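Biologist: I'm new to this one and would like to learn how to read it. Could you walk me through a few features?

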Amino acid sequence: VAVKDLLAQPDKWHGQPVVVTGVVSRLDARTSQRGNAYYTFVLTDGLASVNVFSHGAPQIKDTNRVQVEGTFLKVNRVGRYTFHNQMNARRVTLP
């Protein structure tokens, strides 16, 4: 699926498993208050961008071209935070 298609019809793709490819930017690795490693980044396909969340330590870096397998969420509420147009990645790989 193209990122622009996810954003053009977010209701259609909400909660659906998807595979998208693009370029990584704004990679941010963190550790939760409970001590769990996770990271976020923006995935851009040249026409549109989507935020990506993944558990663990990143095996990627900014400017890498990656394939993301996961679930698209139009709205994702985590505690007191609300995220829009986010991919919860099950797997992030270099193609």
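Predicted model: local features only at pLDDT ≥ 70, side-chain atom pairs only at ≥ 80, totals over all residues.

Biologist: How many salt bridges come out by the rule?

Modeller: The rule asks for a side-chain nitrogen of Lys or Arg within 4 Å of a carboxyl oxygen of Asp or Glu. Here that gives four salt bridges. Among them, Asp28 pairs with Arg30 at 2.6 Å, N to O, and Lys4 pairs with Asp5 at 3.4 Å between the closest N and O atoms. Arg91 and Glu69 also meet in one, at 2.9 Å.

Biologist: Where do Arg91 and Glu69 lie?

Modeller: Strands are DSSP runs of E, at least two residues, numbered from the N terminus. Arg91 sits in strand 5 (residues 81-93) and Glu69 in strand 4, so their bridge ties together parts 22 residues apart in sequence.

Biologist: Is Glu69 buried or exposed?

Modeller: Buried means under 20% relative accessible area, exposed over 50%, and partly exposed in between, using a 1.4 Å probe and protein chains only. Glu69 is buried because its value is 15%, whereas Arg91, at 47%, is partly exposed.

Biologist: And what does Asn76 touch?

Modeller: Contact means heavy atoms within 4.5 Å. Leaving aside residues up to four places away in sequence, Asn76 touches Tyr81, Thr82, Phe83, Gln86 and Asn88. Asn76 belongs to strand 4 (residues 65-78) and is buried, at 13%.

Technical notes
Residues numbered from 1 in each chain as written. Heavy atoms only, no water. Helix = DSSP H or I, 4+ residues; strand = E, 2+ residues; numbered from the N terminus.
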